[in-house]
Amino acid sequence: MNLLPENFERLSALTDGQLPEDEEVQTLDWLAHDEDAQSSWNTYHLLGEVMRSGVATCPDRDAAFMQRMNAALAKESIQPLQIDAIKNEAIQARPQDFSAIKGIKTPAANDAFIHWRWVGGLAALLAVVVVSWQGLSAGLDQGAAPQLAQVIVPTRQSVAALPLVVARDETPVMIRDPQLDAFLSAHKQFGGTSAFQKPSGFLSNAVFEGDAR
Amino acid sequence: MTEQPFPTEPPKDSDSDALLVQRAVAGDQHAYGLLVVKYQRRIQRLIGRMVRDVDLVEDIAQETFIRAYRALHQFRGDAQFYTWLYRIAINTAKKFLGDLQRDRTVFGTDFKLDSEKDETYSPRNEPTTLETPESVLAAKEIAAAVNAALAALPEDLRQALTLREIEGLNYEEIADMMNCPIGTVRSRIFRAREAVSAKVKPMLEKQTDKRW
């Protein structure tokens, strides 16, 4: 038990947060283990509350409250500060540090505005619609009854009999089917034109032209 | 429910609070207990403006301190500890009251919202429920003893203590106002506290046979 007045004066200054830093640690250590210091700590704060509010709390309720608090705190565990500090620092650093981390894809600046997958899908669908429209429109424009294409269903025998011509050059290799080539030649007038009988250059590029073209 | 305004009582002692928080985060629960002792009455008074049942006030206050303890590692120290604690208390009280609203049997007696708008509201004028007459009397006796001891203080001691506890000035500001050295301010405040404590401590120890 340390009843030196200067210790209690330091405690009074600590109550006000006005104790010099070099005295704080020592006073807190003393306060942590000395019952008289703890009693004075409680009384100093009680005094301040009475002065500010004009009312006091009941001492036995205060004591009971502290007992319940101590019991509740004893069941709690607190995470060490270092772990959380590191975690928080890592979380804060992550958004600015993408470029330094391999394997992490930096999102494009306009990703929030344009969904490129949707654009690709729509483009493919549009191409199919245009091709289909050309085929139908050309048939209707010519005023002829729609001709049913004579589909030659290749049998195993026919397929086996047909030689396959493989293009061998720098362009991507395509395995040619003579039956397909014959079909294309028969319907050559439908290729390379739009619904308005105007050249559609990009579609002509979409077909592989054989020697017959 | 409208939000409570920020606290107007500035306990300008954030340095010691920060030190206690550091110790508490490092595992010193006793350090946190010192913070509880320091702020429990203030927090209970705050909650008491929203809740009349004294048992419920204490429950909410306890929950406030438990929540603050669990979140202590998140306290950055860029604001005062009491400000941070104040926010937790308000949110905790709101949650409790929200849960109570579902139980209509306690709606009318356990809380009232008028205190926020009633400028004449004072905890002094509002009796709390479920307090025993003995505890009410004990609290009144302690308050009376404090006021009597303050009135009996020499003027310089009373002035120094009043400037610190009610006006919230730091020692340097008090020294400027009283035209004396900071060390004298520190000594006067200490002597004032000791003089009042000498009258109050016996009453505190008499009321309870247990140490706080």
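## Close-up views of a predicted two-chain model

**View 1. Chain A, contacts and elements.** In chain A, 40% of the contacts with a separation of 6 or more join residues 24 or more positions apart. The model shown in this and the following views is predicted. Chain A holds nine helices and two strands. Read from the N terminus, its elements follow the order α-α-α-α-α-α-α-β-β-α-α. Of the 213 residues in chain A, 17% are buried.

**View 2. Confidence along chain A.** The mean pLDDT of chain A is 68, and 48% of its residues reach 70 or more. Within chain A, helix 3 (residues 35-53) has the highest confidence, at a mean of 94. The lowest is in helix 5 (residues 81-93) of chain A, at a mean of 43. Over residues 80-104 of chain A, pLDDT stays under 50, and the model has eight contacts beyond four places in sequence for this stretch.

**View 3. Helix 1 of chain A.** Helix 1 (residues 5-15) of chain A is largely enclosed by the rest of the structure, because eight of its 11 residues are buried. The buried residues of this helix are F8(A), E9(A), R10(A), L11(A), S12(A), A13(A), L14(A) and T15(A). After helix 1 of chain A comes G17(A), which has a positive phi, near 70°.

View 4. The secondary structure of chain B consists of 10 helices and zero strands. From the N terminus on, the elements of chain B are α-α-α-α-α-α-α-α-α-α. Buried residues account for 37% of the 212 residues of chain B. Among the contacts in chain B with a separation of 6 or more, 66% are between residues 24 or more positions apart.

**View 5. The largest nonpolar core.** The largest nonpolar core has 70 residues. Within this core, I47(B), I60(B), L85(B), V146(B) and A160(B) touch the most other members. Helix 2 of chain B supplies the largest share of the core, nine residues. Leaving aside residues up to four places away in sequence, L85(B) touches Y39(B), I43(B) and A68(B).

View 6. L97(B) is part of helix 4 (residues 81-101) of chain B. With 19 other C-beta atoms within 10 Å, L97(B) is partly exposed, because a buried residue needs 20 or more. The C-alpha atoms of L97(B) and I60(B) are 9.7 Å apart in space, while the two residues are 37 residues apart in sequence.

**View 7. The loop at N179(B).** N179(B) sits in the loop between helix 9 (171-178) and helix 10 of chain B. Although N179(B) is not a glycine, its phi is positive, about 55°. N179(B) has 7 other C-beta atoms within 10 Å and is therefore exposed, the limit for that class being 12 or fewer.

**View 8. The side of chain B that touches chain A.** At the interface, 61 residues of chain B are in contact with 51 residues of chain A. Six helices of chain B each supply at least two residues of this side: helix 1 (14-25), helix 2 (29-48), helix 3 (54-70), helix 7 (133-151), helix 8 (155-165) and helix 10 (182-207). The largest share, 14 residues, comes from helix 2 of chain B. By class, the side of chain B that touches chain A comprises 26 nonpolar, 16 polar and 19 charged residues.

**View 9. Helix 4 of chain A against helix 3 of chain B.** The axes of helix 4 (residues 59-75) of chain A and helix 3 of chain B come within 11 Å and cross at roughly 35°. The crossing of helix 4 of chain A with helix 3 of chain B is right-handed. On the chain A helix, the residues of this contact are F65(A), R68(A), M69(A), A72(A) and L73(A). Those on helix 3 of chain B are E58(B), Q62(B), F65(B), I66(B) and Y69(B). Seven residues of the contact between these two helices are nonpolar, one is polar and two are charged.

Technical notes
Residues are numbered from 1 along each chain as its sequence is written. Chains are lettered from A and ligands numbered from 1 in the order in which they are written. This is a predicted model: local features need pLDDT of at least 70, side-chain atom pairs count only at pLDDT 80 or more; totals for chains, interfaces and linings use all residues. Two residues are in contact if their C-beta atoms, placed from the backbone, lie within 7 Å. Helices (H or I, at least four residues) and strands (E, at least two) are DSSP runs, numbered from the N terminus. Ala, Val, Leu, Ile, Met, Phe, Trp, Tyr, Cys and Pro count as nonpolar, Asp, Glu, Lys and Arg as charged, and the others, Gly among them, as polar. A nonpolar core is a set of buried Ala, Val, Leu, Ile, Met, Phe, Trp, Tyr and Cys residues joined through C-beta atoms within 7 Å. Axes are lines fitted to C-alpha atoms, for helices over the stretch in contact, and angles run from 0 to 180 degrees between N-to-C directions. A crossing is left-handed if the near helix is turned anticlockwise from the far one by less than a right angle, and right-handed if clockwise. pLDDT is the predictor's confidence in each residue, from 0 to 100.
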